[in-house]
Amino acid sequence: ATRTSSSGGGYVDGIWTDGVTTVAEHTVTIQPASDREIEALEKGGERSIDARRIYINDGLDASISESDVWEFAGQRWKCHKLDNRPWRSYCKAIVSRFDDQ
């Protein structure tokens, strides 16, 4: 899977300048989200057409954040929840597919 992240941006001499976008590849395990995780997404007001749980198995990576966009299986996915604990050798994320409507 590939992860696209962008660092904010800011004003330089009064002009907005976009941040830097980085793309990184990761080894992931993809599983369907549980009913409880899907229900939590829907309670948040998100329209979820497909939710998955992914485990990022590359080891601890502190740069992974909830604002990242994931791409796998030929589709783009938005991260909703991230569990990135320092004592683990993996990260867990709940993602849902981008809705074009």
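A residue is called buried when its relative accessible area is under 20%, exposed when over 50%, and partly exposed in between (1.4 Å probe, protein chains only). By this rule Cys91 is buried, because its relative accessibility is 0%. The structure examined here is a predicted model, in which local features need pLDDT of at least 70 and side-chain atom pairs count only at pLDDT 80 or more, while totals for chains, interfaces and linings use all residues. Residues are numbered from 1 along each chain as its sequence is written, and side-chain values use heavy atoms, with hydrogens and water left out.

Helices (H or I, at least four residues) and strands (E, at least two) are DSSP runs, numbered from the N terminus, and two strands pair if DSSP finds at least two bridges between them. Such pairing works through backbone hydrogen bonds, either parallel or antiparallel. Here, seven strands form an open sheet in the order S4-S1-S7-S8-S9-S6-S5, with antiparallel pairing. Strands S4 (21–25) and S5 (28–32) stand at the edges; each has a single partner strand, so one side of each lacks a neighbour in the sheet. On average, neighbouring strands of this sheet are turned by 30° against each other, direction ignored.

Helix H1 (residues 35–43) lies across S6, S8 and S9 and runs at about 60° to S9. For such angles, axes are lines fitted to C-alpha atoms, for helices over the stretch in contact (heavy atoms within 4.5 Å), and the values run from 0 to 180 degrees between N-to-C directions.

Aromatic side chains come next. Rings of Phe, Tyr and Trp (its six-membered ring) pair if their centres lie within 6.5 Å; planes under 30 degrees apart count as stacked, over 60 as edge-to-face and the rest as tilted. The whole structure contains two aromatic pairs. Tyr55 and Tyr90 are edge-to-face, because their planes meet at 65°, with ring centres 5.8 Å apart. This pair links distant parts of the chain, with Tyr55 in strand S6 (residues 51–56) and Tyr90 in the loop between strands S8 (75–83) and S9 (91–97), 35 residues apart. Phe72 and Trp77 are stacked, at 4.8 Å centre to centre and 5° between the planes. Phe72 is buried at 7% relative accessibility, as is Trp77 at 1%.

Finally, what of the cysteines? The structure holds zero disulfides, a disulfide being a pair of cysteine sulfur atoms within 2.5 Å. For Cys79, the nearest cysteine sulfur, that of Cys91, is 9.9 Å away.
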